[in-house]
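Biologist: I am new to this structure. Please show me how to read it, one feature at a time.
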Amino acid sequence: MESISFWKKYKNILFLILLIVAVAIWKPHAAIYGLQRGSLYALAGLPLSLTLGIVGIMNLSHGDFLSLGIYIVYMFSVNTGMDPLVSILPVFILLFLLGAGVYKLTITKVLKAGHLNQLLLTFGISMILLEVMNLIWTSRPRSVYVDYASSSVTVAGVRFGTYEFLYVVFAIAVLIGLQLFLKKTRLGQASFAVGQNPRGAKIVGINTSFVYLIVFGISVAILGIAAGVMVPRFAIFPSVGSSYTMKSFCLVAMAGLGNLTGILISGIALGVGEAIVQSIPGYAGWSDIVFFGVLIAVIMIRSIRRPSL
Amino acid sequence: MKKAILLTLVLAVVAMMAVAATPIKIGAVVPLGDITGDQAAKAMRLAVAEINAAGGLLGRPVELIVIDDELKPEKGAAAIEKLATVDKVDFFVGGMGSSVHLAQIPVMKRYQKITIWIGAASYLCENAVGPDADWYFHLHPWDYQQGASYGLGWTELAEAYPEIRTDRIFLAYEEGGFGTASHESYVALQRLAQQGEGAWAAIMNDYMGVSFKSAALGGGDYRAMLQQAKTYNPDLFIWAGYDADALPMLQQAKEVGFAPEFFVGAPPGWPAHFGDSPLAEGVTLYGMWAPTINKVSPAAEHFYNAYIEMFKEEPATYFAPLGYTNIYFLAEGIKAAGTIDKAPLINALEKVEYASPIGEVLKIAPSNVIKHQGFTAQKILQWQGGEQQVIWPLELKTADPTFPFPSWEGR
Amino acid sequence: MKIAKPLLILIVLAAAVLLPIVTEAYFISIAITILTFMTLALSWDMMLRTGQLSFGTAGFFGLGGYTGIIAAADFGVDPVIGIMLGGLVAGGIALILGMAILRLRGLYFAITTMALASVFMVIIRNLHRLTGGPSGKIVYNTLFNYDSNKVYWFMLAIAVGTVVISELFQRTRIHFAIDSIRADETVAKSHGVNIYKYLIFVFVVTSIIQGVIGATYALQYGFVYPESSFSPHYLLLPIAMALVGGIYSTIGPILGAIILGLSSEYLKLIMPYGHLVIYGVIIVVVVLFMPDGVYGAIKAFFMNRKRRLEER
């Protein structure tokens, strides 16, 4: 009995590991690059899953908060010389406060108004954030140079970069951290309950609006972590995070609402798929098809299995 | 006493304003939210301010009206309509995005005002304008002209420095319209070169092009492309993408261990403080202008200092001196023609020779389709000691090229 | 009161038709853009009334545009015919895809339609020979040779047609079917409403409208370009307009398109830098203070006044 539930629980992870090993034998670079970039997708996607699953908000400004986090990391580096990875801590706190503030000022007022008003509200917020960043820092890219970001090692004749494994480490760490938070802390348990059944949670005396505030704040704050690990490797410009809004939505749809582990698995699977296509000479232009093709396929297959999706 | 002087001054100014004829109106459409359009517009304002300080044109002041196209085609088209019908401008100037310009061209064709454009490099724009539009002047080189001019550049460099080889060329191009146009022009040039023709005839043997997704469009992982480049082992590695790609690509090249003889970038602009990065040293670039041109061109030096004085910022893209050139080119034409009537002014503009802050003298000549094309060449520059030095054209040279590209060790 | 409404509609329509006579080309070009987005917003709202949130607007808009340009450039078809073909192709593809994806609900349907729009773009960008690839494609015979008045009247006709379809959806039997789907699917099923058939019908009709608009836009300026023809701009702006105006109605998206269309243009002229920030603020303020959109707020205002008058 127990072995069956174990199999059920870890089936997807096992498949993923097998996939990576198979790809690694065939195309070692594709496996490494896919694992690294896929983990970054997951790291950026996890907080969106959290807001969508618990607060029920379709946050279109997700990627713009990421860009803002990236600029804050940049400002720390320029003004204090702080290493981007070190600045994760203050940026985490700052973004938490910012997220909670934005929540309190705006989002709390549209909670009852339905998904679409939230969509429009966050679209407006996204526009404001993007344009304010453009006014302050202009569209000209900036960067923070750290020498360790381009270091590499050679293992068994395969030379690859080491820095981006931090994406994998941080994605797993954030995932475990969130799981622990949701299962072991009282606030987390309350959040989980709210996500499962907001009305019921309210009846049993959970302060749902406080839970929403915290969860939204944490979600934005996690983007600060992503920002900190991205800065050493990314050009910094106002729309740097924009594409992560859609990518994150795709991951959530692929993993299914409320499934955090699924975000990591989906992210890595899509990353590896993309990397394989990119490594085939002449077909790099089709790599987006993999991303969206796999996404559509997964959603369709799931809808056949569970027609009430 | 002081009051009296002030009063007379005010009166004099009012009187002058009353006497002065209606202004010559120039309407500009650029993307103000982007650094290229923003700085081009500022440089245009600088040029207009200078012209007015010197007494205007034909005794009339010059007025510049700038409208943001927001990088959206329909907004760009509407901006032209507004300039034509509400502001009733005499001339259209401006530039940047090819897709925005494609939407503007049908509108411009209806008004047929003299138009001087500094952006939109896509050959499709030239086709859309067509051969009959004698009112249309295009100052930025077309995409196919750039590829040809680099051929000339490398040929001359190989003559001047016999160790330079450009036998095997690898182009990494962003998968959008900008990069793909570069790739297509290289493919065409290589076909010519194999028949012993064209600008690359003597110097290009083999060519390979691989696309990547630009960071500016949500990409930014170049490693698969760089692996292919490393396997190909080119003499000349060129990437055609955006400013956001510049540093991440170098980082990833270092990570992959790819250091070709020449590492050439061809983005429309460079990131802020790019020269400060240790990875920048020895990177070659295609561009129209760099601050070091001040050393060889008085026009460039004047522009550069005046721009910094007026706006307290450095001109960061070549669209700044190009915007300045845009206005001065028109002004020179008006001065020579002595009128703003269309036919004589077009005639005069065809003959203008303007020593531009870009470095070269601007002269109009036909291109593949249109009659009035301005610049045809970009320059080959190189990052040395944190500055962009000109290495070609040789007559504007500010430094000798460093090659091979310094190894990644120790940086 | 009974005469007032048709009379009002007639006056608005007449004013719209006569607009080019009293104003200059600039305003007409703004009006064309507003009509373009208005029709997109209305078509999106029509789909939304069935309870299905579609993010595919930009995809069908782009498909229509490419069909129109390819028909005109490669087959020498008259632009007006090209526009019809744009609608047909968009509708045909919507029919095929709709059969598969309309079984999805909520977020899953929304994401799938958005993903499909991206898939369209990638395919079109990689079919160099047919579509011109990433560089795009141009056509010399633009719609009515860029006579903006004629383009305006043409767009107005499409917009009025869309309004009529929208009203038909609201008033005929379809309306009851659609309403019952939105309200409660199981109830609808038990009343014998064939949900699936209705959903496909509405999806195809709205996609045809989006394809027609896309082709009109493309042929008006005579070009298509992957990044701009499939820009998320044609997805997000219509949604914003519908929501600002008020969803689930015909008047709402119309109002929203006019308000946002005019204000974005006006803001840009008085404030060259940072106008988009204000635009974002307007959207946020509307959501916060008029949760049912402008039309909803107006309706509520009159209802309140009526009630107060009656109380008096």
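Modeller: Start with the radius of gyration, taken over C-alpha atoms; the globule rule is 2.2 Å times the number of residues to the power 0.38. For the 309 residues of chain A, that rule puts a compact globule near 19 Å, and chain A has 20 Å, which agrees. The C-alpha trace of chain A spans about 60 × 60 × 35 Å along its principal axes.

Biologist: What should I know about the model and its labels?

Modeller: This is a predicted model: local features need pLDDT of at least 70, side-chain atom pairs count only at pLDDT 80 or more, and totals for chains, interfaces and linings use all residues. Residues are numbered from 1 along each chain as its sequence is written, while chains are lettered from A and ligands numbered from 1 in the order in which they are written.

Biologist: How many helices and strands does chain A have?

Modeller: Helices (H or I, at least four residues) and strands (E, at least two) are DSSP runs, numbered from the N terminus. Chain A has twelve helices and two strands. Their order from the N terminus is α-α-α-α-α-β-β-α-α-α-α-α-α-α.

Biologist: How many residues of chain A are in contact with chain C?

Modeller: Two residues are in contact if their C-beta atoms, placed from the backbone, lie within 7 Å. Here 33 residues of chain A are in contact with 31 residues of chain C. H5(A) gives the most to that side of chain A, with twelve residues.

Biologist: And how many residues of chain A are in contact with chain B?

Modeller: On that side, 27 residues of chain A are in contact with 30 residues of chain B. Helix H2 (28-55), strand S2 (158-161) and helix H11 (260-279) of chain A each supply at least two of the residues of chain A there.

Biologist: Which residues of H10(B) are buried?

Modeller: A residue is buried if 20 or more other C-beta atoms lie within 10 Å of its own, exposed if 12 or fewer, and partly exposed in between; C-beta atoms are placed from the backbone. In H10(B), the buried ones are B:Ala299, B:Ala300, B:Phe303, B:Tyr304 and B:Tyr307.

Biologist: Why do they line one face of the helix?

Modeller: The arc is that of the directions from the helix axis to the C-beta atoms. The buried residues of H10(B) fall within an arc of 130°, so they line one face. They pack against helix H2 (35-53), helix H11 (319-337) and strand S11 (354-355) of chain B. The face turned away from the buried side carries the exposed residues B:Pro298, B:Asn305 and B:Glu309.
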